[in-house]
Amino acid sequence: MVAPQRYGLFAVALLLIGLIQIVSEEVVKQWKLESKQRHAEARFLGYIEEVRRTLRRFDYLPFLVTKDEASVRFLSGEQQLYRKIQQQLIQLDKAANTKGWYVLTDKGTLKISSVQSSQLAGDSAKEIAAKIQQHRGVISHVAASPNSSDYFIAAPLYDGVTIIGIVAVQIDLTLLIDQWFSQGEAILAHHPDSQFFLSSNPFFSSTWFNQHFDSGEMMEYRTLYDGTRIETWQLKEKKYLVQSVTLDDLNWRLVYLTPLQSMLRITRWISASTVVGCLIIMLLTVIRYQRHQKLRSQQRIQKLVEASEKRLNVMLSKTHVGLILIDESGHIRDINPMAKKYFSLSDSMTRHIKVWQLFDSSRSDSPTLELLRNFDKHTYLAEMTEVEILGQRSDGSCFPVMLSLSALPWHERGYYLCTVIDISKRKRAEMALKQSNQMLQVRVEERTKALDNAQQELIESSKMVALGRMSSAIVHELNQPLTGLRTLFSSNQLLLERGETELLKDNMSLAMTLFERMASMTRQLKSFAFQRLDSPQPVSLKEALDEVLQVHQARLYKVDFELRTESAKLIVLGEEARLRHVLGNLVGNALDAMVDTDFPRLDIEVRCSSNEVEIRIIDNGCGVEQDNLERMFEPFYTSKKIGEGLGLGLAIAANNVRDMQGRLNGINNATGGMTFTLVLRKAC
């Protein structure tokens, strides 16, 4: 009954702690959200005011041109002033840090622009002209597009009281987000019925929002205890508090995102602290209860000990192992019936003998017998386990026993328990087993000799198979540069006919490089079994990639090829020949996979991190069956037809990547083809 009650109390305590945690976490979260909501509103209103103040600073810019008499004369027909006014607009554009200055006719036709590619579309120019005719003063205009929004300040250009033209200035909206520096916060802008076009957070660009934002999955509404309704967004596994407002004059909707991660951490910390406090209180209660129970249990234990001693005596008398209790001088104090049976002793015989007298004393060289004979002098050594010794019966006959000795404190006195087991049957079984083992050993030696002979034959056969595989690997390794040489020499013949000696020299230089590469391959293959790359050295990734692409340039003309790299100078840790072989093998395999593709496309992307460089080679070829992806890098595995490949290219490339302490893997693309990813360490 006690155990079920304890389990029941424990379950109730757990439920109570869980309830406390839930309630405390919810109360703290409501309080923190309310505080966060008020703070965010104040911040957001301040930012909106800052946006309007920033935009108003540009209202005076068009008047720098409208007050210039040369602009009036130009629109009146003096076309020779075009260069002068354009230069003036360019200087004003640079000084004001704007995106463009424009001079229009009163109908909205563009006459002069400070930028070569004008972003002032025809519809926007006409809308600006219509507003100028209506208001006859400075106006602002927003030209909206799906991914951006252009902001213009315009003013009329008068000739007397007649509007003969318009001066428009295009403002750079990035000034609005450059002013926002709070950690983790974000300001977004979008048209009410269109997409996002402005974001202050680099982790959540407007392009990312347009591609990934799903209001149904990411938006969540919550009502606080005071009735306040708040909106939150879940973005990249982080939760943000949302404030939004529509600017009617600009037709923009601004969204302010406040991160809630720190608030949630504080909430969890306070909740956990509450739970820990409850646990401490419960623990103190349990300790006090346990003390009370301990006092009661000690009384019960005393009674149980007395009963246990009685049961122990009964057990010792019934056990099938000989037990002898001796004191510190080696005298026998108690002996169970089984020990008496082993040594053929009567009760009177055990009263005045020592334990050593129960064993064969004719072997004076036995250390165990010497310890038992002088037990009172060597009690500190009286710990032994499963020692074999000869016991001696009262009639003088001997028999083998297994002896164990261990200390047994009893009522604050030093006693020792001696355990004796008759092992006569086991000894006879050991003798029989020994004879069987000797016979088995003879047979094993005969069989081993026969297996050694067979093994020698297998070794000779394996050498021949290994030689065949090595020959195939050498042919495969040299085939790629030979293919490049064939392409170069074919091109050289055409270049000789055309007389293009400069290109011919470049091709001959590349051919010499390939010859040197073949020589390097043969040197590596010569010492492949014994020599590995000691340590990777700095190698230019650009030079290796350029050479590989030049070797395959004839085949690359037939595919839609694109190379994207973040830096022109990338130095990685590796070895030049190994790196060029790996890149050449991956590009060649991609081109082979797209032979039967209607619209072949090959992309090579190079990305950098703090200490690694990642090269991704993406094709839209035939790919590899999903079940065979794990076997791609095994030697002699190939998906090509017989005679088109031996299946050694990717295996050798994988070994080279491992030598350069890099990583290589391949996966199937969802839309077809494969992506191979090569990761190498960046050189410092």
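Here are some questions and answers on how terms apply to this predicted model.

The model is predicted, with local features needing pLDDT of at least 70 and side-chain atom pairs counting only at pLDDT 80 or more, while totals for chains, interfaces and linings use all residues. Residues are numbered from 1 along each chain as its sequence is written, and side-chain values use heavy atoms, with hydrogens and water left out.

Q: Why is Val 255 called buried?
A: Buried means under 20% relative accessible area, exposed means over 50%, and partly exposed is in between (1.4 Å probe, protein chains only). Val 255 has 3% relative accessibility, so it counts as buried.

Q: Which residues is Val 255 in contact with, leaving aside its neighbours within four places in sequence?
A: Contact means heavy atoms within 4.5 Å. Among the partners of Val 255 are Phe 44, Ile 187, Trp 233 and Val 242. Val 242 is 13 residues from Val 255 in sequence, and their C-alpha atoms are 6.8 Å apart.

Q: What makes the pair of Phe 343 and Phe 359 edge-to-face?
A: Rings of Phe, Tyr and Trp (its six-membered ring) pair if their centres lie within 6.5 Å; planes under 30 degrees apart are stacked, over 60 edge-to-face, and the rest tilted. Here the centres are 6.0 Å apart and the planes stand at 80°, so the pair of Phe 343 and Phe 359 is edge-to-face. Phe 343 sits in helix α10 and Phe 359 in the loop between α10 and α11, 16 residues apart.

Q: How do you know whether Phe 343 and Phe 359 are buried or exposed?
A: Phe 343 has a relative accessible area of 0%, so it is buried. Phe 359, at 1%, therefore counts as buried too. Ring pairs also link both of them with Tyr 342 and Phe 399 into a cluster.

Q: What makes helix α17 mostly covered?
A: Helices (H or I, at least four residues) and strands (E, at least two) are DSSP runs, numbered from the N terminus. In α17 (residues 649–659), nine of the eleven residues are buried, including Leu 650, Ile 652 and Val 657.
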